[in-house]
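This report describes a protein structure in plain steps. Please keep the sequence and the model in view while reading.

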Amino acid sequence: MNDTAAHAAHDGTGDLAPGQQGESPKSFGAGLGSYIIGLALAVGLTLASFWAAQTNLIYAPGVSVALVALGIAQMGIHLVFFLHITTAPDNTNNALALAFGILIVFFIVVGSLFIMGHMNHMSVPMGQQMDMQP
Amino acid sequence: MSTSDTVLRLASSPAVLELRSPRTVESEEATGHGEGGPAPKRIVVGYGFWIFLLSDIVMFSAFFATYAVLSGATAGGPTAAQLFDIRNVQIETACLLLSSFCCGIASLAVEQRYHRLTQVALFATGLLGLAFLTLEVHEFQGLIAQGAGPSRSAFLSSFFALVGCHGAHVTAGLLWLGTMMAQFYAKGFRADICRRYFCFSLFWHALDIIWVAIFTVVYLIGVRT
């Protein structure tokens, strides 16, 4: 690395790798804070998920929605506090790649459910199909 | 050759820099622009591995879609609510979450070049990962023993494919973790070993994210319906 590149990597114009907390290594204690906050939030959300799945306090058909929301929140916590993906300028590349990944995941999961759900709805039930065969 | 050298030296001399606006200087010296050169290897390697992880997550999403579509296709066999033990899943989740946390501690220790703490934290990471894997194998054995193996119904095929694929990733991760401990021990905190380790830590945290989706979609929602 020549000195201009070294300079660029430390004056705020450089990028960060995913998982990297800052440009120069912080002290052990400063870095630990992020992991402890992340662990506390993740434990809280996990307990909330298991509670929501077993309680009768939530309107029953709404439980799956609550569980999905809690799950997505926990994934966000992991991304921010464990993988250190942020929306800061030094993280633009990482965040954009993540956004594209989420888009594809959304297409695959929601698209499959949508198409297969409609297909099940529109197709002739198994019993009647048997009757129609010669 | 000598002409271009002179031009470069002129451009980077303080007198010339002062004539330009600060904004221009910054953008021309940023990595990938002008004299900034390519990004440091740490960033290139990390970014490349991040792209791999995202494609791995896209692959998992196909397994998730398959499971979501087939979760009701039990072919007269046992359903999710009859098979899954939430208590067991709770312990598995705790193991993997704490394992991810220990991996974070190990990352901090590697950055500070603490030899002993790196090894201890990595050992704890591996032990918790192994506990998770043992519980999962035990669960699979129990299911197969009661006739609910992957060949029983489409629901169980997709369940074993999805959760088994995650388990295979954890197994691969444990082998990688053992390799990293050995390399830190034998070769110390060499730059290439550290880069390799940071890729491993990304991999391990990503596996925990996928497990969050599994215990939500497969176990918790499965037991409700």
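## Basis of the model

Which domains does the domain assignment of chain A give? The assignment, which is automatic or taken from a database, gives domain 1 (25–84) and domain 2 (87–125). The centres of domain 1 of chain A and domain 2 of chain A, taken over C-alpha atoms, are separated by 21 Å.

This is a predicted model, in which local features need pLDDT of at least 70 and side-chain atom pairs count only at pLDDT 80 or more, while totals for chains, interfaces and linings use all residues. Residues are numbered from 1 along each chain as its sequence is written, and chains are lettered from A and ligands numbered from 1 in the order in which they are written.

## Chain A

Chain A contains five helices and zero strands; helices (H or I, at least four residues) and strands (E, at least two) are DSSP runs, numbered from the N terminus. Along the sequence, the pattern of chain A is α-α-α-α-α. Of the 134 residues in chain A, 26% are buried. A residue is buried if 20 or more other C-beta atoms lie within 10 Å of its own, exposed if 12 or fewer, and partly exposed in between, with C-beta atoms placed from the backbone.

The 27 residues of α2(A) should span 39 Å at 1.5 Å a residue, and its end C-alpha atoms are 39 Å apart, which agrees; the expected span is 1.5 Å times one less than the number of residues. Among the buried residues of α2(A) are A:Tyr35, A:Leu45 and A:Phe50. The buried residues of α2(A) pack against α3 of chain A together with α6 and α9 of chain B.

## The contact between the chains

How many residues does each chain give to the contact? Chain A gives 49 residues and chain B gives 48 residues, where two residues are in contact if their C-beta atoms, placed from the backbone, lie within 7 Å. On the side of chain A that touches chain B, the elements that give two or more residues are α1 (3–10), α2 (28–54), α3 (63–82) and α4 (92–122). The largest share, twelve residues, comes from α4(A). By class, this side of chain A has 30 nonpolar, 18 polar and one charged residues. Here Ala, Val, Leu, Ile, Met, Phe, Trp, Tyr, Cys and Pro count as nonpolar, Asp, Glu, Lys and Arg as charged, and the others, Gly among them, as polar.

Helix α3(A) and helix α9 (residues 191–224) of chain B pack at an angle of about 170°, with their axes 10 Å apart. The angle makes α3(A) roughly antiparallel to α9(B), a term for angles over 145 degrees. The residues of this contact include A:Leu67 and A:Met75 of α3(A), and B:Ile209 and B:Leu220 of α9(B). By class, the contact of α3(A) with α9(B) has ten nonpolar, six polar and two charged residues.

Just after α8(B), B:Gly188 takes a positive phi of about 75°.

Positive phi values are also found in residues other than glycine: B:Ala75, near 50°, and B:Arg113, near 60°. B:Ala75 lies in the loop between α4 (41–70) and α5 (80–83) of chain B, and B:Arg113 in the loop between α6 (86–111) and α7 (115–145) of chain B. Is B:Ala75 buried or exposed? B:Ala75 is exposed, with 9 other C-beta atoms within 10 Å. B:Arg113 also counts as exposed, with 12 C-beta neighbours inside 10 Å.

Terms used: Axes are lines fitted to C-alpha atoms, for helices over the stretch in contact, and angles run from 0 to 180 degrees between N-to-C directions. Angles under 35 degrees count as roughly parallel, over 145 as roughly antiparallel, 65 to 115 as roughly perpendicular and the rest as oblique.
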